Structure formats: C-alpha cells, structure tokens
Amino acid sequence: MQQLKASVNQAYDGFCGYIEKNNRMTEFGLYGLSTGILAYAYFRRRPITKFTRASDIPKHFVEEKVLQTGVVKKIEPTEFGPLLHINHKPPVNVSFGSQALPTRVAGVNIDGNGFSWLQILATSQEVKFVPLGNKGKECMARVYLIEKSKEPLDIGRALVGLGFARAAPRNDALNIELDENFIKYHKMLQRSESKAKRLRKGQWSSLPENWLRWKVRTELDKLFFRLKPEHMKIPKLKKVMEKIAFNSDMVIKLEPDALSSICDSTSSLMEGCRLPVRMSGTEDWPLAEIISIKEHQDDTYYYVHYVDFNKRLDEWVPEEYLDTRKVQWPRKDGLTTGQNTTGVSTPKRLISTSRPTSPIHHHTPELQLNGNAVLQAALQKKNSRKRKAPSISVATTPIVTIATPATPTPVTPSVDDDSQEPPEKTPRQSGSMVTHHDDIVTRMKNIQLIELGKHRIKPWYFSPYPQELCTLECIYICEFCLKYRKSRKCLERHISKCNLRNPPGNEIYRKNTISFFEIDGRKNKCYAQNLCLLAKLFLDHKTLYYDTDPFLFYVMTEYDNRGFHIVGYFSKEKESTEDYNVACILTLPPYQRKGYGKLLIEFSYELSKFEGKCGSPEKPLSDLGLLSYRSYWAHTILEILIAQETVGDNEKPQITINEICELTSIKKDDVISTLRNLNLINYYKGQYIICINKDVIDHHRSAMEKRSIRIDSKFLHWTPKDWSKRSKW
C-alpha cells in the first residue's frame, strides 16, 4: 500500500515539474483543455442561450428535466387548446429579443373555462417550466406559476383539480410512455381528475351525486365549524333532518319549515347562501345569493347576485346590508334550502332565470307542419270561450283585417302554400353565442370603470382584460382604435401617436352625422378583438372569440370635428347556414334610449334586403336586445299593414305572410311570433284575420313620430359578397 502511494506521489511530482517548465506545447495543452471544459460546460447548461423554438432545447435538457424560467407573454387559443408564449429567461440574461417560446401544458386537455383562467392568472406572470419534449414547433412542458410567498402552482394539476381540464392519454400527450417521472405525473393528474369528478367541479358539475352522502358531510362540517372556540356563542342550528326507515335504507326527510335558520353572526355565512339584501340606491330588500366574500381593511364585503334580477345589478355590499334573520343554506343538488327554483350557484343550470331570453316555441307533432297550425294554436290560447276550431288545410287563405272597435273592416294577409313553418331549431353551438357554464371567475365583474372618449362608464359584466388592468380604478380606452391603457397619461401619449380618427374599415353609409363602417375581422383583427373585449363588458351571453376571421363588424359612429365616435355595433358571420343577419349587437350605455338600437337593427335588415334574403338575430337574445327587436318588428309590420289599400269598393286588402317577409326581410317565424305577441290574430268566419283597432294605430303613429332618425337606403353604398368562396376571406 505504501509502495502504491509512493508511486502516485512520484507521478504527481513529475507532472507538476513538467507543467512548470516554460514549454509552449504545455501552454497550448492547458489552454486547449480549459477551452474544452468551458465548451462542454456551456453545452450542458447553455447559460446565455434564449430558447425561442422547441428545437432549440437540447435533448439532455429534456432527459434531465432541467428547470427553466420565463414570463408568459400572451396566451393564444388554438385548435388543440391554449398555447402559452413564454419569454424564456436564461441564467445569464443578455438577450433583448421579443420572440417567445410556444409552450403547451403537457398531459392535459384544457377547455374554455381553463383558457379564461389562464388568461386572467398567467398572462404577464413569471413561470417555471420543465421541458418534457416537443410536438412539432411547440414545446410540451410541465408549467409552474410563481406566486410571491407561496409555493409554485402546478398549472396542469390546478386546472384538472378545478374541473377546467382533463387528463389526456399518455400517447396523446407525448411519446414518452417509458419515462417514470411523466407516468407519475400522469397518475397524479388522473387522481386530481377523479377528485374533481367526485366534487362535481367545473365541467363535471352536471354529474349526478349521492345527495344523502353530501348532506351528511355538510351538516357535520357545519357542526364542527360551530364547535370551534371562536364560534361557541353561536346557537346550534335547528335539527333539520329526521331519520326514518324505508326498505331497510336510511333516508333523510326534510322539513320545509325548518330549512331556513336564524344566523346571529355573518361570520358563519358562506358562498351560496341566500338571504334578503338591501339593494344599493333603493329601500328594497330582495332575496340575493352570496357569490364571493372578501376582507378589506378589517371589513367584510359580500358580492351578491339578486335572484330574478339581471346580473348587471350584482354588487359588493357591506355587512350592514345583510338581513341574517332568515338564511337559506346551499345544497349540493342545485337547490337552495326552502326553494324549488335554481339560482346562480346551481351546478346543473346552463342559463340563469334572471337573464330573460327570447322565447323558444315547443311545437307538438300535430302543430309542426305549417304556419296555419301556429296561428291556430295562438287562437286557441287567446279565445276565452272554448270551441272546436275547424281543421285547416294548407290551401286555406286567411285574411288580415284592419278594424276599429265600432266597425270591423276586414283586411287580410294570407298564409299560402309556401308559408310552412320549419321545426324550431335549438341555438347552435358555434359563432359568438354558445351555451356555457358560469364559473366563479366570470360570474363577477372584474372592471370597476372605463373611460371611453368623454364618457366614464360602469361595466355590467365580466370581460377578460389583462389581470394587471383589473386592479385599477379605471381603464382608459382610445375611442378610435379601442386600445386600452392603464392611465390617462398613457392614453394621451397613445392619442398623440394614433393616426385613426374613424374605425379601420370601409364607410358604407353616411347621412348627416351618422356613419356605418364595415370591418373585416380577418383584415383588422386587432381592432375586432378590442371591440369584442369592450362589448363583453355589456353583453352577458356573448362568448368571446379571439378568432375574428369568420365575422364582419358594422360599427355605427357619430361624427364631429374631432372624428367618428363609436355609438354601437353589430357583428354577423360571413357565412351563416341558418340565415342569421346579426351575431351580437350592442349600443353603448351613453347612447341608449335615444333610438340608436333600433337604427342598428334597421340597418342589419337593410343589408339583408340588399342580399335578397330574410334574416334573424342569433338566439338567445339578451333582455334589452329582445325588447328592442320586438319593438322594431312590431313597428315595421304594423307600418306595412296600415299602408295596405283596398283594391275595389268592397274588396278587402290582402297580403300574405311571405309578402310581409319579402318587404321587411324579417324571417317568417319572427313575423308570426310578433303578431301573436301583439294579440292581433283572430279567427273570423272560417278565416284567420288580423284586427287592428284605432288604439293600436294611434299608439303606433305616436311611436313612429318619436323616431327622428331612420335608415335611408339611398345613402347605402354596399355590394354583398359571396363568402362561400374562401379566396375572398
């Protein structure tokens, strides 16, 4: 052993002596060795390399799961889910490029709610990600959201746990099935998905659950909550369950009178509770549901939704606005205790009853054949006396009669062979209106105030503006290009550089100070996306789409010496298989109740006349939109009917439903529903007639006198395009 040590020491001394000699080959050798070691170290760690493509990431980074850092620049919706554009930061950041690395969260399939969640929480935030491989030009990675004073949040696991994503099959995610770390990660995602299903979160909210098991667990949670020392003074809840035996199974029998309890302290209130709340600005105490709770400067505030009221009235209220004498506790089956109706927190509910929508008619098979059958059904509901109506063939020609209370003068529109009413179609699942589940993020207003031109407007609903803007008291928006800024000073700097003084599109109509601009969602994508963000603040049913290519936007403006100021807009699909002439329509709040809404509707039907076809708006309509459309349909149809003249001395003026549709471009279903809503249809001597009395005529004329602005087709310079040819897109 000592001989071995001596030989090693001798070899080491010889090597040191050789290096100390002033030999050029020795220096070259040392420099070459140092350079090789440095190059190897750089190749292994890449300290200054900024990754902008998935192919830039070395293979050993993927094998060794090297953790990387970056900032989410933007989140782009794609066919396969959200795509994160991460501005990669190497350990020694000397790069000033703006190109980002396209990254996708590995192992999960993210839905629309997950995209909104990412848009709000991850945009412009610092993240860490572990590359797991690549899929084409995209990097597949496990992404962590960095939060101050908190542990990093695994985005994939969080989305699956909230029910906003599903665990993807391993083969669909990446071809790394033999990787033990990824298999463990995938099993963790599957466990989170199972828990989300069990708790009915997110997209699993419609799954049935054992109500008995949930109720027992909830009551135990309430009991343990009240046994805590800080809540010992609160009296115990009344006993609301009675155990009875039924077929050897334990069943819970609920007592309706005992389902509401007196709550002596607001500290026991939770999300989903219903109780009377004083509405701001009034002395009313309507029933409201608690959506969220927050603490601010030692005070507690509650975000409430007033049941059977529109969501735009939702607000934050202090404790003194709550009446805790009668609290209805939430139930997991979608009902609030003591109630038979569903509310905002109902998991199974798709469309809240507090948001009125346009009626959807359900026809029986016998009444589904033609327009005559619809008219007959309307008359059977209207007649106070019961009598058997005669059967009506398709060839029957009903007569529309204009009559006064004193002398009935028959005037008759007929429903001819072409007046068959098609079966009612359900709202389609594409375009700008899609039935979707509300979640806790989109249910609450996130913007306090916006400034658009000379107007300061309080928003009505949620809109996914960047998260850093949602914490500000006011968002400042350029009224010409609709870009948003965080302060008035930033807006002033932007205006000094902004060259726009009108919407970026073709001006197709101008009369006096009113102009309409046609904007292609593909050619002016930035403006169209900003317009959608602005519109979402005031449209509850609108589903925001960042892909605006399939849509045309028609913006109505008011002109003065400063430029063209936006008043409202409507959008329509370039190709609509169901002849929709409006996808979304909005008049901004400062210009409402001035006739601009009907002007937008009238302009949309004027375009349909130029196209030579009948149109209808997308369903469902909002409450204000439904009122505006019903009013426009009534005035337009009455104007046609009153203008009818008799042919001879004793001849009655006749007009068919199809002729009304051709003159107004209003769809047949909308014409018939309008006549039914006005209660103008009658059955007289074997014919269908429309009786218009003098009061209806006088009311119509007085309403038309108030409409000071109308669309004049002579000032419309527009040629419809055939969008079925993709080359024109």
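Start with the open sheet of four strands, whose order is β18-β17-β19-β20 and whose pairing is mixed; strands here are DSSP runs of E with at least two residues, numbered from the N terminus, and two strands pair if DSSP finds at least two bridges between them. This is a predicted model, in which local features need pLDDT of at least 70, side-chain atom pairs count only at pLDDT 80 or more, and totals for chains, interfaces and linings use all residues. Residues are numbered from 1 along each chain as its sequence is written, and side-chain values use heavy atoms, with hydrogens and water left out.

Select 455-457 and 484-485 next: these are β18 and β20, the edges of the sheet, and each has a single partner strand, so one side of each lacks a neighbour in the sheet. Then select β17 (residues 450-452) with β19 (residues 475-477), which pair in the parallel sense over three bridges, and find isoleucine 450, whose bridge partner in β19 is isoleucine 475.

Move on to the open sheet of five strands, ordered β21-β22-β23-β24-β26 with antiparallel pairing. Its edge strands, β21 (506-511) and β26 (584-587), each pair on one side only.

Within this sheet, select β23 (residues 551-560) and β24 (residues 563-573), antiparallel strands joined by ten bridges; leucine 552 stands opposite lysine 572 in β24.

Finally, select helix α12 (residues 525-536), which packs on the sheet and touches β22 (514-520), β23, β24 and β26, where contact means heavy atoms within 4.5 Å and a helix is a DSSP run of H or I with at least four residues.

Methods: Axes fitted to C-alpha atoms, helices over the stretch in contact; angles between N-to-C directions.
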